[in-house]
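Here are my notes on the model you asked about. Please read them alongside the sequence and the structure.

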Amino acid sequence: MSDIKKPGMSRRGLLKAGAVGGLVAATPSFFIKDAWAQEFRNNPKNSGELKLGFNVPQSGPYADEGADELRAYMLAVKHLNGEGDGGMLNTFKPSMLTGNGVLGKKVTYSTGDTQTKSDAARASAKRMIEKDGVLMVTGGSSSGVAIAVQSLCQEQGIIFMAGLTHSNDTTGKDKRRYGFRHFFNAYMSGAALAPVLNKEYGSDRRAYHLTADYTWGWTQEESIKNSTEALGWETVNTVKTPVGAGDFSQYITPVLNSGADVLILNHYGKDMVNSLSQAVQFGLREKQANGKNFEIVVPLFSRLMAQGAGDAIKGILGTTNWNWSLQDEGSQAFVQSFGAEYGAPPSMAAHTCYVQTLLYANACEMAGTFYPPEVIKQLEGFNFDGMGNGPTLYRAEDHQCFKDVLVVRGNENPSSQFDLLKVVDITPRAQVEYDWTIFGGSLGPYEVKM
Amino acid sequence: MDAIFIQILNGLDKGAAYALIALGLTLVFGTLGIVNFAHGALFMLGAFCAVTFQKLVTLSVKVRDEGITAFVAYKEQPYLETWFGDTGRIIIDYSVPLSIMLAIPFMLLVGYVMERGLIKHFYKRPHAEQILVTFGLAIVIQEIIKAYFGANPIPQPAPEILAGSANVGSWVGLGNNLVYPWWRLIYLCFSGAVIFAVFAFLQFTTYGMVVRAGMRDRETVGILGINIERRFTIVFAIAAVVAGVAGVMYTPILPPDYHLGMEFLVLSFVVVVVGGMGSLGGAVFAGFLLGVVQSFASMNEVKEIFPGIDQIILYLVAVVILLVLPRGLMGRAGVMDD
């Protein structure tokens, strides 16, 4: 027997080396599914299901809008689980969604009632997170609620995909790492509306603002005021009105002799319905001031809410995040799907909620995990298309989506009960973008102590 | 001067609604001794009588919009217009004032059933329990309305001829720029007429005399062989009708939703307390007074000096009046003194 080993590799050595090499090569894919083995809140682990929390106004003045949001969420869950016609799953790109749940788990949900009150919304979100074990919270119809719930979600380490919230503060001074907004904001409304106002009403105008006295109203007033003053308009007065004032007559009558020739209503929902109807009753639309026709502007329009104002909305200019009449492939797929399911077109609130659910699900697929910091990183800076507003960016620095903005006018001659708003202009995304630092705030950390 | 005049009008208009609701509240409290927190819901029910009537007269042929395939979109052509042409159009146009014909019998029935079915069981119970049960009832009524009509406001246009504004400035020599909506002026006159009718009923009819006597001394009236409870049931139903018709006529001013009653309820209780519990005249006077005060507090010139005063002024005035006159402006001794 010779002790001298033959040069080169033995067969056993080759097998060993192969096994080690194979193991090393396979490591990334081997670990990917559980790479983020860190414990995080409501980790579904080996469960075949994951739960999402839909926190919408089911009671209170925005209950109808909340019901529409909930319809959209249920449709999104259906589509994610491979049921129905797939809706925007067929048009969303780039997308890793296949209709097989999310990361192979079936999507389920729990619901909460925000009542459009910050404390009630926080309580229902907390209940869904702590008792129902939801992985993500989404929904709402008010900026006050969105900011309150977003802050809670940051503390809890749960991602919040905001519903309808239009205040600059949501992704400005109150932004959070765990909060994301697909909906547009007051700044964008101002930037989109100004050129149309200039074209329709000229640059020599005197504006009077009536503003809902809370975060959304303040930021909208500021944005619209800045945009119109940049056109050359003069701001005659800005008056804060209590939320839910009902009768606005004592705020409208001073407008009559103020020297203003435009009334800007920074009101939403029931306040908008009441203030607009009453402004029309006081004859403002027939009034002449400074040698011009008096005009009324409602910067944030919602078709669902506009129904309450009846004929008063006819001819009134405003902006909206989305409208069911859009003809792009994504919008049509969603309208078709929603219409077949519920017999009515979706509202802009429903649209944003549906899109937010799909975006979250896709980010999980892209991250290969539900671990929130990794999901957040996938959403930050994500560019996508096919969701109804053209090419869209989820800006990393403030978690605000940037997309085209619609300028609409109350339809003078509607062809159906849903045909209330007519799109008069689609303002390109580039025109509504801004430097994220102007609104201050800071996102906060990715990692949250549990 | 223009601004002051217009704010007086605003205040009277707002006060008219407060006064009408407070009148019914006081009537019920003065006769039955019941603190009725469901009274605002009756105002709202009246408003929804107008909504229901409008829905009935605008029952329509639905003409499908064939251009839309994803869901059923249609334009409506009311049967009344198709069948009766201009007459049908006039009925639809005047649906709000005409709906009073529906509201009066309906509210009488609601008032009667409410009193016999629920309220009478609480006559001798503490006020706290009365408040709880009537507040609960108000929530039940609200939720039923929301389930049927949704949460969004439903527009109720005034008749076309009254949809514009009157040039009130020229009436009082203050120029042509001073306008005020016709419907609000009509509401003001309407509430004046209703208040007068209620006072006349109590003051100049035998029935009213018995009710007033019962308000003073229920036992003695009973000893005289008069079924005062039956009369009080009718008074409760009348109070429901007053709230109901007030609600009907208010719909063109404020598109009604299920929460309408609650918006007025708390303020109306402030009005009742300021006017003096059980005093009908006090309720009416306080209603108009607080309406005018609230309007003036909302003026920009006032808010510049006292920011936010418009939101607290009613409560501030109530506190001051109750400190000076603990029974309210026209309260009677012995009413809720214990």
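**Notes on a predicted two-chain contact**

1. A:Asn42 is buried, because 21 other C-beta atoms lie within 10 Å. A residue counts as buried if 20 or more other C-beta atoms lie within 10 Å of its own, as exposed if 12 or fewer do, and as partly exposed in between; C-beta atoms are placed from the backbone. A:Asn42 sits in the loop between α1 (11–32) and β1 (49–56) of chain A. Its phi is near 60 degrees, a positive value in a residue other than glycine.

2. A word on conventions. This is a predicted model, in which local features need pLDDT of at least 70 and side-chain atom pairs count only at pLDDT 80 or more, while totals for chains, interfaces and linings use all residues. Residues are numbered from 1 along each chain as its sequence is written, and chains are lettered from A and ligands numbered from 1 in the order in which they are written.

3. A:Gln115 also has a positive phi, near 55 degrees, and is a residue other than glycine. A:Gln115 lies in the loop between β2 and α3 (118–130) of chain A. A:Gln115 is buried, with 20 other C-beta atoms within 10 Å.

4. Now chain A as a whole. Its secondary structure comes to 13 helices and 17 strands. Helices (H or I, at least four residues) and strands (E, at least two) are DSSP runs, numbered from the N terminus. The C-alpha trace of chain A spans about 115 × 40 × 40 Å along its principal axes. Of the 450 residues in chain A, 56% are buried.

5. Look at helix α2 (residues 63–80) of chain A. Its 18 residues should span 26 Å at 1.5 Å a residue, and the end C-alpha atoms are 25 Å apart, which agrees. The expected span is 1.5 Å times one less than the number of residues. In α2(A), 14 of the 18 residues are buried, so the helix is largely enclosed by the rest of the structure. Just after α2(A), A:Gly82 takes a positive phi of about 85 degrees. The loop between α2 and β2 (106–113) of chain A holds A:Pro94. The peptide bond from A:Lys93 to A:Pro94 is cis, with omega near -5 degrees.

6. How many residues does each chain give to the contact? Chain A gives 39 residues and chain B gives 40 residues. Two residues are in contact if their C-beta atoms, placed from the backbone, lie within 7 Å. On the side of chain A that touches chain B, α7(A) gives the most, with 6 residues. That side divides into 16 nonpolar, 19 polar and 4 charged residues. Ala, Val, Leu, Ile, Met, Phe, Trp, Tyr, Cys and Pro count as nonpolar, Asp, Glu, Lys and Arg as charged, and the others, Gly among them, as polar.

7. In chain B, the axes of helix α1 (residues 2–32) and helix α12 (residues 228–250) come within 9 Å and cross at roughly 170 degrees. That makes α1(B) roughly antiparallel to α12(B). Axes are lines fitted to C-alpha atoms, for helices over the stretch in contact, and angles run from 0 to 180 degrees between N-to-C directions. Angles under 35 degrees count as roughly parallel, over 145 as roughly antiparallel, 65 to 115 as roughly perpendicular and the rest as oblique. The residues of this contact divide into 15 nonpolar, 2 polar and no charged.
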